[in-house]
Amino acid sequence: MLKVSVKWQKEVFPDVEIDTSQPPYLFKVQLYDLTGVPPERQKIMVKGGLLKDDADWSTLGVKQGQKLMMMGTADEIVKAPEKGPVFMEDLPEEEQAIAVGHSAGLFNLGNTCYMNSTVQCLHSVPELKSALLQYTQSGRRNDLDQPSHMLTVATRDLFSELDKTAKPVAPMQFWMLLRKKYPQFGQLHNGVFMQQDAEECWTQLLYTLSQSLRSPGANENPDTMKELFGVELVSRTHCQESGEESSESETVYSLKCHISHDVNHLHEGLRHGLKSELEKASPSLGRSAIYLKESRINGLPRYLTIQFVRFFWKRESNQKAKILRKVDYPLELDVYDFCSDDLRKKLEAPRQRLRDEEGKKLGLKAAEKSSTSKDNDVKMSDAEGSSKVAGGLSLTTSQDGAPVEEKQLTGIYDLVAVLTHKGRSADSGHYVAWVKQESGKWILFDDDNPIPQREEDITKLSGGGDWHMAYICMYKARVVPM
């Protein structure tokens, strides 16, 4: 690690650190933070000419304490005339971010698209941002390790920075602390950080936040992340040969869509994912036997995450190979068919209320109480508010803690984010995020480049070729006032 000073225009920046194990592009990203000059505009004089993004530091002869000269113009906000229309360029950065209608992009720090796309999807969850804002630098519990605490603080700060500017953000601190907590994301190949699996990054980050955002000693609200993303499953394990049977419950943070030759739609893949065969020792038979495990959803979250199991380990090539099969997924997802009998009973009244509301819009009389039926085509405005989910129920409270209106889940979800992968292996290719904004617009976050999209393009990411295909889908629950 070298320290140099950098002269730019009339300013001198002392003690700028250079990590000589990383390409010069990262050094340019640091200078962008200091000067506002984008990396592509920077001209830095070194031995032999201008500093290139992929140059080898060992051949440049840069020494400790050396002064480097940089040229380039920063992104400037154009001054508006005293009278006249106000253009977006004239607004402060925070107002620019609001005006463009979406948050900022993230610089790729060297094969970090897997991390950037994960961050952009989770950043779209307002309840998660609210929980992070309440997390303080000094609020670490005694049973929480320091790396988890620091990564949570870095996540909070990065989410806040994305909301305050329309310019791309360099997630240097977050990336450094992610590697410190999970060293596998710091693997190098020929001196360059390797591409990683976005699903692994998503899972590890959610796990860290579930540990740090848990309220100490609070039985009523023990785990914010569990309420937002946790799916409660009840499972029955049965051995046909011995007649043994057992049941258990567990909380998972995503449902798996298993892909095989007979899976063409998300519903079929989810049904496969909730059934599995396992071989284990049978006490009654005194040997190994085959058990069938069947699971049902017994508690729904505010945000339902679904992973398409597209990658498997291929021994011949010694890497994660990709299943390219096309699997369609809907903009509106009804999970009623996958729920336990107990949860279905709890969903009956909210689903009837939703149908009655739709009936009123069509000028029909409200239906009498009846058993629930699946209705994939109904639409209802998405209610906002905190969600304390237990078996499909939620309660919204006012700021003084008094209940103002109870809202319940219906088992129907709307698609709000898709993380896609383009390429043939999980550890190569390119990840991007497609995120629905509060305005209803869809934005493709391709690292530092946010691009508006049409809603009809979102369902075309279902696979079947070498184009971007859905790897993780995030759905937001519809709730009705009861």
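User: Which residues form one aromatic cluster?
Analyst: Y114, Y182 and F185 do. Keep in mind that this is a predicted model.

User: How many aromatic pairs does the count come to?
Analyst: The count comes to 9 aromatic pairs. One of the pairs is W175 with F193, which is edge-to-face, at 4.7 Å centre to centre and 70 degrees between the planes.

User: Where do W175 and F193 sit in the chain?
Analyst: W175 is in helix α6 (residues 172-181) and F193 is in strand β7 (residues 192-193), 18 residues apart.

User: Is W175 buried or exposed?
Analyst: W175 has a relative accessible area of 2%, under the 20% cut-off, so it is buried. F193 is buried too, at 7%.

User: And how are the rings of F229 and Y303 placed?
Analyst: Their centres are 6.0 Å apart and their planes are at 40 degrees, so the pair is tilted. This pair links helix α8, which holds F229, with strand β13, which holds Y303, 74 residues apart.

User: What sits over the ring of W175?
Analyst: The charged end of R179 does, 4.0 Å from the ring centre. Elsewhere, R344 lies over the face of Y336, 5.0 Å from the ring centre.

User: Switching to helices: at what angle do α5 and α7 pack?
Analyst: At about 105 degrees, with their axes 9 Å apart. The two helices are therefore roughly perpendicular to each other.

User: Which residues meet there?
Analyst: S148, L151, T152 and T155 in α5 meet L205, T208, L209 and S212 in α7. The contact has 3 nonpolar residues, 5 polar and no charged.

Terms used. Residues are numbered from 1 along each chain as its sequence is written. This is a predicted model: local features need pLDDT of at least 70, side-chain atom pairs count only at pLDDT 80 or more; totals for chains, interfaces and linings use all residues. Side-chain values use heavy atoms; hydrogens and water are left out. Axes are lines fitted to C-alpha atoms, for helices over the stretch in contact, and angles run from 0 to 180 degrees between N-to-C directions. Helices (H or I, at least four residues) and strands (E, at least two) are DSSP runs, numbered from the N terminus. Angles under 35 degrees count as roughly parallel, over 145 as roughly antiparallel, 65 to 115 as roughly perpendicular and the rest as oblique. Contact means heavy atoms within 4.5 Å. Ala, Val, Leu, Ile, Met, Phe, Trp, Tyr, Cys and Pro count as nonpolar, Asp, Glu, Lys and Arg as charged, and the others, Gly among them, as polar. Rings of Phe, Tyr and Trp (its six-membered ring) pair if their centres lie within 6.5 Å; planes under 30 degrees apart count as stacked, over 60 as edge-to-face and the rest as tilted. Buried means under 20% relative accessible area, exposed over 50%, partly exposed in between (1.4 Å probe, protein chains only). A charge sits over a ring if NZ of Lys or CZ of Arg is within 6 Å of the ring centre and within 35 degrees of the ring normal.
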